[in-house]
There are 2 protein chains.
Amino acid sequence: MPLQFADRLNNVETSAIRELFKLLGKPGIISFAGGFPDSAMFDVEGLREASQRALTEEPGGALQYGATEGYEPLRTQLAHFMQSKGVKDIDPTGLIVTTGSQQALDLLGKTMISPGDKVIVEGPTFLATIQCFRLYGADLVSAPIDANGVQTDKLEELIKQHKPKLVYLIPTFGNPSGATLSRERRIKVLELAAKYQTLVVEDDPYGDLYFGEAPPPSILALSSEVPGSREWIAHCGSMSKVLSPGLRVGWIIGQPELLAKATMCKQFSDAHTSTFAQATAAQYLKSGRMPATLAKVRQAYGERAQAMGEALKRELGDAIEFTQPKGGLFFWARLTGAGGKVKDAGELAKRAIEKGVAFVPGAPFFAKEPDLSTLRLSFATAGIELIDEGVRRLARGIAS
Amino acid sequence: MPLQFADRLNNVETSAIRELFKLLGKPGIISFAGGFPDSAMFDVEGLREASQRALTEEPGGALQYGATEGYEPLRTQLAHFMQSKGVKDIDPTGLIVTTGSQQALDLLGKTMISPGDKVIVEGPTFLATIQCFRLYGADLVSAPIDANGVQTDKLEELIKQHKPKLVYLIPTFGNPSGATLSRERRIKVLELAAKYQTLVVEDDPYGDLYFGEAPPPSILALSSEVPGSREWIAHCGSMSKVLSPGLRVGWIIGQPELLAKATMCKQFSDAHTSTFAQATAAQYLKSGRMPATLAKVRQAYGERAQAMGEALKRELGDAIEFTQPKGGLFFWARLTGAGGKVKDAGELAKRAIEKGVAFVPGAPFFAKEPDLSTLRLSFATAGIELIDEGVRRLARGIAS
C-alpha cells in the first residue's frame, strides 16, 4: 500500500512549468524564463557589513528564537520604509514579518480561505499564488486585465456575483503581465473594497523597480483617500526583488485582527522568520544604503527592458505584440499568428529551447481559460548582449 | 461586518499558555517556562566566521533564490551529520531542508492530513504540534507514555482501532515529558509501522543533548534492523537546540514520494528556507566546530539538570514527583497533593508567579484528557544559582 496523501494535494498541478525548467539545464541556453533578480546586483558588501553588525550588536537577538510577529528593529525599519513610500498611518505593530512574501500568501490562504471559498485573481496572475490558494481549497475566479491593470468594472461584477473571500491583485508591474493599475482604478478598487466589505490583497514585490517616473502610490497608501477602505486592504511587501531573495524577508500590513490570526497561523508554520536574516535586513535598512541600491537596480533593469523591447520589435516584428514595461522584471507578450506564424506559445517554447533560448508560456498563469498565445519573458538576468542574441534565437524559433 | 476567517481557525486554542506568558514580563521573574536554549551557549564566533565564508565563497548562492529542497552544500553536510549518528543509507537527496523543524511539522500536516483524519500523538506532546495538526483538521488521539516513552502495547491497540494517518512521537528527551523511548520499544514501533503500514514521524530536536551515556539510536537509524520499516518513517531534525534557533534550519528525512509532495507544499509555503541561513549552517558544519559545541552544551545543561533535580527534592520533598532527565531541556513533574498541598498545576502557576517564578502547567500538552497535576520546568536558561532560588520560590508557592 502506498502512502495516502491529503486530499488537498489533488487541487494542484505543477507539472506544466516543471517540465520546461528541466530543459533549462541544457548547456548554452539563454534564459528569459526565471523570475529571479540578477545576482550581480546584490549589494554583497553592504549585506556582509549588516550581518556582522547584527552578530556584534545583538548576537542573542540574531541567533535566538524570536517573536512570531517579527524582530522588533526590523519591524521599525520596515514601518519607516513604508512611510517613505507614502503610507501615513503605519507603526511597527501594523505589520508582521514573513518568510518571503510567498509566506505572506500562504498565511493569508491559511487564515482566510475555507475549502470552496471564492477568490478573485487577475487573469493572468502569479503562478505560485494560484497553487498556494488552491491548496487551501480556493475556487479561483479570473478577472480580466488590460494595459492599465485589472478592469474595475468587470471586477465589480465579479465581486457582486461571487462574493469572494478576497481579491488578490499585483497592481504594480504585475507578474506576469508587467501591467500597472492606473491611479483612477486604484481609487475604484478601494471604493469596491469598502462598498462590498471585501478583503483586497495588494501584492507589491516590484513597486520599487521603476525605470522612469514612479508608479502611482500603492493601493495601501491611497486608502487614506477613501474612507472606510483601509481595514479591507492587506499589503504584502518583499525584500526579494530589490535586496536579496535569499534572506526570505517579506511582510504583511493589515488590520489588527487579520495580523493576529495570521501570526497565530505563522506560529505553527515556522515559529518565526530567521532572526539572523531579519537582523541583517534591519541593519541594512538602517545603514542607509537602500536608496543607492534601488537606483542601481532601476538603471540596470531599465536598460535591459529597453534593449529587450527594441530587439523584440526589430527581430519579431508583427509576430508578437506587447506593452513596453515601465518597471518590474517581465515582458508579457502575445503571439499574433501574423502571416501564418506560430500562435501557440507552448509550441514556440519547445522550438525556442531547440534554438537555445527559454521563456515561460503564459497559459499556466491563468486560473481559468488560459490564453495560449501569451508568453512571459524576463529581462532581469541576461545582460544586453545576451538579450539581443536570445531574441534573435526566438525569432529563429518563430520562423522555423 | 467583520472579516470572516477560515473555518480551520476554529480548531485551535492558544490562549492557555499565552495568558501565562504575558506575566513573564514582570520584573525579577525567574523563568522555567521557556523552551529555549541558552543564548550564552551560542558559538557566535563560529557562526560569524561561517556567515562570512558563505558570503565570500558563494555570495550568489547565499543571497539568491534557491532550490525548494534545500541548498545543496547544506544537504550534503546534513547527510554526513545523520550518518555520524548511525543512519546508514542516507545521501543528500534523502532529506529536504525546512524552516526550522516547526515547518517540518507544518509540511507533514499539509502533505498528509485531510480534515477528520486521525493522528496519534503522545499524551503529553509538543504543544505546537497539537495546534499545527489541528489547523489541518486532524482528530488527535492520545497514546499514554511512561518513563520509557510511549507504551507500545497501547499504541498498537490505538493503531488498530483508529487506523491513523500518522503517529507522531518525540522519542528522545521528549517535550514536555523528558522521557526517552527504550531501544526495545523503538524496535516495536518500527515493527508496528511496517505491520500496519502507518507513517511514524520521529521528531528529534533534543537527541544530541544527552548528559551522560548516549540515548539509543534514533528510530530512523534502527529501521535498518526491521525489514520494510524504513519507508514508513519520517524523521525531523533541527539545528535549533544545539546551534541556533534563529537560523531556522531543520530537515525531514523520508521516502522519496513523501519528500516530493512535501517539497511541492513548501514551494507554496515559503519557496525555500533562507539560503543565507542555510549557507551559514553548511559552513558551520563543514568547519568541524560542531563536536566541541555539542560537548559544551551537554555539560552546561547536564549541570543545570542535576542542580534542578537536587533542588526539587530538597525544597519540594513529597509535594512533587518526577524522573531525573538524562538529556534535553525539561523536567516533567507531577504534584502529588501530599499533606493537602496544592495538586492543580494551573493554580500553582498563578501562585508561583506571585512568588517570582514561572513554569508551564502540563494540561495544554495533552491533546485529550489533560492531567491537571502535571507541570513542565525548563532548566536550560537559568544558571545554577537562579535555579536554586527559583525552586525555593516554587516551594513557597506550594506552601502558600
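1. **The domain interface.** Domain 1 and domain 2 of chain A bury about 2800 Å² between them. Carbon and sulfur atoms account for 65% of it. Buried area here is the accessible area (1.4 Å probe) that two parts lose on being put together, summed over both. The size of an interface is often given in this way, as accessible area lost when the parts come together.

2. **What you are looking at.** This is a predicted model, in which local features need pLDDT of at least 70, side-chain atom pairs count only at pLDDT 80 or more, and totals for chains, interfaces and linings use all residues. Residues are numbered from 1 along each chain as its sequence is written, chains are lettered from A and ligands numbered from 1 in the order in which they are written, and side-chain values use heavy atoms, leaving out hydrogens and water.

3. **The two domains.** Domain 1 of chain A covers 7-42 + 292-399, and domain 2 covers 63-288. These bounds come from an automatic or database domain assignment. Taken over C-alpha atoms, the centres of the two domains are 25 Å apart. Each domain gives 33 residues to the contact. Contact means heavy atoms within 4.5 Å.

4. **Who supplies the area?** Look at A:Arg298, A:Phe365 and A:Ala367. They supply 21% of the area that domain 1 of chain A buries against domain 2 of chain A, more than any other three residues.

5. **Polar links.** Across this domain interface the rule finds 10 residue pairs in polar contact, both at pLDDT 80 or more. A polar contact is a pair of N or O atoms within 3.5 Å; within protein, one must be able to donate a hydrogen and the other to accept it, and residues adjacent in sequence count only if both atoms are side-chain atoms.

6. **The salt bridge.** Side chains of opposite charge can pair when their charged atoms come close. The rule asks for a side-chain nitrogen of Lys or Arg within 4 Å of a carboxyl oxygen of Asp or Glu. It finds 1 salt bridge across the domain interface of chain A. A:Lys368 and A:Asp139 meet in a salt bridge at 3.6 Å, N to O. The whole structure has 48 salt bridges over all chains.

7. **The two chains.** A rotation of 180° with 0.0 Å of shift along its axis superposes chain A on chain B (RMSD 0.0 Å). That is the relation of a two-fold axis. The same surface serves both copies: 100% of the contact residues of chain A recur in chain B.

Notes
Copies are superposed by least squares on the C-alpha atoms of residues with pLDDT of at least 70 in both.
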